[in-house]
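Trainee: I would like to learn how to read the packing and the charge pairs of a model like this one. Could we go through it feature by feature?

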Amino acid sequence: MAPRGPRTKPTKLKVLAGTARKHRLNPDEPRPEVARPDVPDHLTAAARQEWDRVVVKVVDLGLMSDLDRAALAAYCQAYGRWVAAERALARVAAKDALTEGLMLRTKTGNAIQNPLVGAANKAMADMVRYATEFGLTPSARTRVSADASVDDNDPFAIFDSPRASR
């Protein structure tokens with residue numbers, strides 16, 4: 001049975017968000033070394049461009065390790081699928097001034113939603129879900145604030161900083 005309640009945030013994100021409390025932290029939490037993993041070979045061209053754009057930024061924030069490679073690759077691949085679906089929709093829209101490619105006619109004449117719309121929406125939803133894991137959305141960033149004075153090796157150092165007295 002899966003644990004109940006919301007997923008637990010990693011200590012690093014709790015510290016960056018300013019919500020870390022000593023009694024709520026897991027002192028045995030693994031702390032993988034910050035690293036820039038190699039780009040996976042299976043990424044599409046658009047996904048690869050997104051990887052190259054984002055990986056540097058999440059490494060600079062200290063949120064990336066070799067263990068996070070698959071999650072970032074999933075985000076980038078969802079981005080690549082979203083781009084591909086939107087490009088395909090744009091090509092269909094160029095030929096369909098009435099519905100701009102959003103609707104198709106079946107053999108019997110019924111109007112249905114273009115399957116590309118569903119593919120684009122699913123890829124976009126996946127992309128946003130993964131993006132929040134890395135603090136890549138505006139709302140996710142509002143919960144994170146970098147404090148250079150905090151020692152990354154000591155999750156309890158936040159309580160010694162001037163920000164702890166807030």
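Mentor: Let us begin with a term: contact means heavy atoms within 4.5 Å, and buried means under 20% relative accessible area. This is a predicted model, and in it helix 3 (69–95) is included in what covers the buried residues of helix 2.

Trainee: Which residues of helix 2 are buried?

Mentor: They are Ala46, Ala47, Glu50, Trp51, Val54, Val55 and Val58. Helix 2 itself runs over residues 45–60, and it bends by about 30° at Val54.

Trainee: Which residues is Leu72 in contact with, leaving aside its neighbours within four places in sequence?

Mentor: Leu72 is in contact with Trp51, Val54, Val55, Val58, Met64 and Phe134. In the largest nonpolar core, which has 16 residues, Leu72 is among those that touch the most other members, together with Leu43, Trp51, Val58, Tyr75 and Cys76. Two or more residues of this core come from each of helix 2, helix 3 and helix 4 (115–133).

Trainee: How many salt bridges does the structure hold?

Mentor: As a general idea, side chains of opposite charge can pair when their charged atoms come close. The structure holds 4 salt bridges, one of them between Glu50 and Arg53, whose closest N and O atoms are 2.8 Å apart. These two are 3 residues apart in helix 2, so about one helical turn separates them. Glu50 counts as buried because its relative accessibility is 5%, whereas Arg53, at 44%, is partly exposed.

Trainee: Which residues are linked in a network of salt bridges?

Mentor: The network links Lys122, Asp126 and Arg129: Lys122 pairs with Asp126, and Asp126 also forms a salt bridge with Arg129.

Terms used
Residues are numbered from 1 along each chain as its sequence is written. This is a predicted model: local features need pLDDT of at least 70, side-chain atom pairs count only at pLDDT 80 or more; totals for chains, interfaces and linings use all residues. Side-chain values use heavy atoms; hydrogens and water are left out. Helices (H or I, at least four residues) and strands (E, at least two) are DSSP runs, numbered from the N terminus. The expected span of a helix is 1.5 Å times one less than its number of residues. The bend at a residue is the angle between axes fitted to the seven residues ending there and the seven starting there. Buried means under 20% relative accessible area, exposed over 50%, partly exposed in between (1.4 Å probe, protein chains only). A nonpolar core is a set of buried Ala, Val, Leu, Ile, Met, Phe, Trp, Tyr and Cys residues joined through side-chain atoms within 4.5 Å. A salt bridge is a side-chain nitrogen of Lys or Arg within 4 Å of a carboxyl oxygen of Asp or Glu.
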